Amino acid sequence: MSRTAVLDSTDEAVAGIEDGSTVLVGGFGLAGMPFDLIDALIRQGAKDLTIVSNNAGNGDVGLAALLAAGRVRKVLCSFPRQVDSYVFDALYHEGKIELEVVPQGNLAERMRAAGAGIGAFYCPTAVGTPLAEGKEVRTIDGRDYLLEYPIKGDYALISAHEADAMGNLVYRKTARNFGPVMATAATTTVVQVDEVVPLGGLDPEAVVTPSIYVDRIVPVKTRHYTVQGAR
């Protein structure tokens, strides 16, 4: 028996997300971002959130809309600033949001560590930079490494291409990005998919995220955005 719930609406899918939660949000820029789940989270009203994502929002949609709604206390990401990150920029310069910059490889590995039950690991990335401040340094075979801790989420909001009725997931090309590691690193994983197919409708060899990591699924039609320039 699968523990994954297939739901009828995105509002049901994000029900129960508490104030102060740490939420892992999939996407690489706009690619693979769970727009509908984020919109539902805005309607749901949870606030004081810590968001973990690769970027800090693009344009006025998706994660940027959540930031603009004033629901986010802190962002952990690799790329907080790009040409269309004007929502985050304004909030940060006004002192209304906290930022922790995490190198991209470290971001993925820290979430993978959470999913794998690894207590901490050593990594050479960011040695000798401001990002090393306050971190333990260890020399191994003549090279300095920083001690990094896992990033675990209370919830993960991700987007996949297809799911079966048990919750096994396949992704579409670059929209896959951080989805698989986020699914393993969260207590509750919520997924929007283009389609839910019957059992046996997915090639087992193509399944990327097994159903054991998936708690809630909601079928929605993927939306694609193109952000033109910046304000």
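Predicted model: local features only at pLDDT ≥ 70, side-chain atom pairs only at ≥ 80, totals over all residues.
Start with helix H5, residues 104-116. The helix has 13 residues. From first C-alpha to last it reaches 18 Å, close to the 18 Å expected at 1.5 Å a residue. Which residues of H5 are buried? They are Asn106, Leu107, Arg110, Met111, Ala113 and Ala114. These residues lie on the same side of H5, because they cover an arc of only 155° around the axis. The buried residues pack against several elements. The strands are S2 (22-25), S3, S5 (98-101), S6 (121-123) and S8 (143-148). Helix H6 (179-185) is also a partner. Just after H5 comes Gly117, with a positive phi of about 75°.

Now turn to Gly45. This residue sits in the loop between helix H2 (35-44) and strand S3 (49-52). Its relative accessibility is 30%, so Gly45 counts as partly exposed. Leaving aside residues up to four places away in sequence, Gly45 touches Asp19 and Arg71. Arg112 is 67 residues from Gly45 along the chain. Their C-alpha atoms are separated by 29 Å.

Last, the cysteines. How many disulfides does a search of the whole structure find? It finds zero. A disulfide is a covalent bond between the sulfur atoms of two cysteines. The cut-off here is 2.5 Å between the sulfur atoms. For Cys77, the closest cysteine sulfur is in Cys123, 17 Å away, so the two are too far apart for a bond. Both residues are buried: Cys77 has 0% relative accessibility, and Cys123 has a relative accessible area of 13%.

Conventions:
Residues numbered from 1 in each chain as written. Heavy atoms only, no water. Helix = DSSP H or I, 4+ residues; strand = E, 2+ residues; numbered from the N terminus. Buried < 20%, exposed > 50% of the residue type's maximum accessible area, 1.4 Å probe, protein only. Contact = heavy atoms within 4.5 Å. Expected span 1.5 Å × (residues − 1). Arc of directions from axis to C-beta.
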